[in-house]
Amino acid sequence: MFNMQKRRPIRQSVSYPAGTAFAYKVPEGYIGNLTEEQEAKVRAMWAIGFKFIEICEADDDTSKGKTLEEKKYVPPAKQSSRLPRGASKTHEKYPTLVNEILSLLPTAEKNLNRLAQQAVEALDNWTPEMYRLIVQRVVKHEHPDALALRFLRACNWDIIKATTMMGKTIYWRTIEAGVDDDILKHGEGGAAEDEKNNRGITRALGADFMKQARWGKSFIHGVDRAGRPITHIRVRLHRMSDQSVESIERYALYLLELARLSLRHPIETGRRRIMANRFLFPAIWRLVRVWLDKELTSKVKFTYGKKGLRKWIAADQLMRGLGGEEDWEYTYVEPQPDENMKMNDSETRDRLLEERMALALQFEELTKEWVMNAQLSEKVREICDRRNRCVEDLAANYWELDPYVRARSLYDRLGYFRGADGVDWYPGKADEESLQEMMEKTRSIDSCGASHCEALSDAGDGSCYDSD
């Protein structure tokens with residue numbers, strides 16, 4: 001056993017600029033503003049998952065003839081031996097699971113028998129360990145319910161579709177893309193090292209990754225009027241022949257994960273504001289949108305000129321190159337030699353991971369209590385309070401763990417990312433002077449350490465604004 005360390009409460013905040021709306025109104029369908037029906041669907045998603053874990057772990061034959069990786073992370077839908085179309089390996093193995101799940105679904109649902117059958121089929125995309133990855137690895141500093149709600153909103157509150165989509169996403173993220181164990185762990189420092197000292201495809205991927213970072217093809221800077229981080233994409237810097245598709249995907253995933261790390265409750269992702277040519281981009285978008293989900297297309301909006309952008313971003317927080325008043329230009333600061341030293345401290349990392357696993361199991365037990373008690377009862381309110389405190393402990397644990405599992409980024413070096421203390425996109429003058437001094441030291445570094453500075457072009461360069 002180990003002692004759980006006592007921590008100070010974390011600041012779930014961002015230092016907002018003057019033009020930011022401080023009174024953030026939580027939209028419907030997000031934590032803090034759920035209807036009874038929406039909350040019932042979140043509860044049902046967790047209940048289905050825990051029932052699945054319970055039945056799988058009670059089966060003595062579950063682990064026989066399987067490697068560790070298959071047992072943990074490869075769901076039936078991804079295994080080589082598949083059943084005919086429309087059949088379910090989970091249903092074949094656990095035929096009673098349909099009735100078990102039927103009792104867990106919201107009573108407002110129509111055709112519950114068919115819905116329960118579809119739920120079992122959806123579980124072909126899951127393993128028990130994948131469910132536990134949600135809290136242990138995927139959500140980081142977020143509330144686990146926020147992840148479930150993200151998929152429910154994307155699937156128009158269809159529990160089964162959301163369960164299926166979330167399972168596929170976690171498998172892709174963990175096994176196929178390696179977001180946490182490869183992209184974030186390797187980071188800019190690893191890419192720079194590959195560029196300098198490696199060979200072949202590894203060296204090429206490292207060089208491509210660093211080229212995108214140094215050029216500032218896309219980067220995060222500042223927040224909009226609702227306090228959401230802004231991702232800038234400078235389309236004019238993109239050349240298909242400059243980087244491989246794999247390196248572009250890796251850098252895009254890396255940047256999106258960093259933007260996600262900069263979010264703090266209750267602020268969530270928002271709409272995509274694309275500043276574009278008045279005729280070209282909307283015409284292309286009209287052709288593309290017919291293949292996309294309605295929830296996704298509703299988030300894409302076009303703006304034209306500085307007046308359009310200033311509706312969403314305060315003028316003094318908008319760079320001059322985009323028609324604003326902020327004297328800020330993207331400048332890349334190279335990885336520092338010892339910035340990832342903590343990642344070599346496996347003893348501390350393992351202790352924090354062990355603590356996180358204990359907290360995750362505590363959250364699991366509290367969530368089971370939550371879904372098994374009457375939705376609006378006094379008992380549930382008390383459980384919710386304990387559950388939310390557990391989520392706060394998980395968030396605090398993540399920020400302690402972060403420097404041991406994630407390589408430092410440009411935003412850590414510039415002092416924007418401040419761990420449990422939030423994000424400060426607009427540091428004070430003293431901070432600016434120290435950052436300027438750091439940049440001067442790295443400006444002369446060449447080859448694998450060149451500092452590539454490019455000012456943004458005029459406001460017609462097709463920059464994309466996103467909070468995701």
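Just after helix α7, Asn156 takes a positive phi of about 55°; helices (H or I, at least four residues) and strands (E, at least two) are DSSP runs, numbered from the N terminus. The structure is a predicted model, in which local features need pLDDT of at least 70, side-chain atom pairs count only at pLDDT 80 or more, and totals for chains, interfaces and linings use all residues. Residues are numbered from 1 along each chain as its sequence is written, and side-chain values use heavy atoms, with hydrogens and water left out. The chain has 18 helices and seven strands. Of its 468 residues, 51% count as buried, where buried means under 20% relative accessible area, exposed over 50%, and partly exposed in between (1.4 Å probe, protein chains only).

**Loops around α7**

- Asn156 is found in the loop between α7 and α8, and its positive phi occurs although Asn156 is not a glycine.
- With a relative accessible area of 66%, Asn156 is exposed.
- Lys140, in the loop between α6 and α7, also has a positive phi of about 55° without being a glycine.
- Lys140 counts as buried because its relative accessibility is 5%.
- Helix α7 itself is mostly covered, with nine of its eleven residues buried.
- The buried residues of α7 include Pro144, Asp145, Leu149, Phe151 and Arg153.

**Nonpolar cores**

- A nonpolar core is a set of buried Ala, Val, Leu, Ile, Met, Phe, Trp, Tyr and Cys residues joined through side-chain atoms within 4.5 Å.
- The largest such core has 57 residues, and those with the most contacts inside it are Trp46, Ile101, Trp126 and Ile134.
- Two or more residues of this core come from each of α1, α4 (97-102), α5 (112-122), α6 (128-138), α7 (144-154), α8 (159-176), α15 and α16 (378-405).
- Helix α1 gives the most to this core, with eleven residues.
- A second, separate core of 38 residues includes Phe209, Tyr251, Trp328 and Tyr398.

**Ile101 and Leu105**

- Ile101 touches Ile48, Ala116, Ala119, Val120 and Leu123, leaving aside residues up to four places away in sequence; contact means heavy atoms within 4.5 Å.
- Leu105 lies in the loop between α4 and α5 and, at 6% relative accessibility, counts as buried.
- With residues up to four places away in sequence again left aside, Leu105 touches Ile48, Leu112, Leu115, Ala116 and Ile159.
- The C-alpha atoms of Leu105 and Ala44 are separated by 5.6 Å, although these residues are 61 residues apart along the chain.
- Among contacts in the chain between residues at least 6 apart in sequence, 75% join residues at least 24 apart.

**Helix packing**

- Two packed helices are described by the angle between their axes and the distance between the axes.
- Axes are lines fitted to C-alpha atoms, for helices over the stretch in contact, and angles run from 0 to 180 degrees between N-to-C directions.
- Helix α1 (residues 36-58) and helix α15 (residues 346-372) pack at an angle of about 125°, with their axes 10 Å apart.
- Helices α1 and α15 are therefore oblique to each other; angles under 35 degrees count as roughly parallel, over 145 as roughly antiparallel, 65 to 115 as roughly perpendicular and the rest as oblique.
- The α1 side of this contact includes Val42, Trp46 and Phe50, and the α15 side includes Phe363, Trp370 and Val371.
- By class, the contact of α1 with α15 has seven nonpolar, one polar and four charged residues, where Ala, Val, Leu, Ile, Met, Phe, Trp, Tyr, Cys and Pro count as nonpolar, Asp, Glu, Lys and Arg as charged, and the others, Gly among them, as polar.
- Helix α9 (residues 179-197) and helix α10 (residues 200-215) have axes that come within 7 Å and cross at roughly 125°, and are therefore oblique to each other.
- Residues of α9 in this contact include Gly187, Ala191 and Glu195, which meet residues of α10 including Arg203, Phe209 and Met210.
- The contact of α9 with α10 has five nonpolar, three polar and five charged residues.
- The axes of α6 and α8 come within 11 Å and cross at roughly 65°.
- Among the residues in contact are Tyr131 and Ile134 in α6 and Met166 and Ile170 in α8.
- The contact of α6 with α8 has eight nonpolar, three polar and one charged residues.
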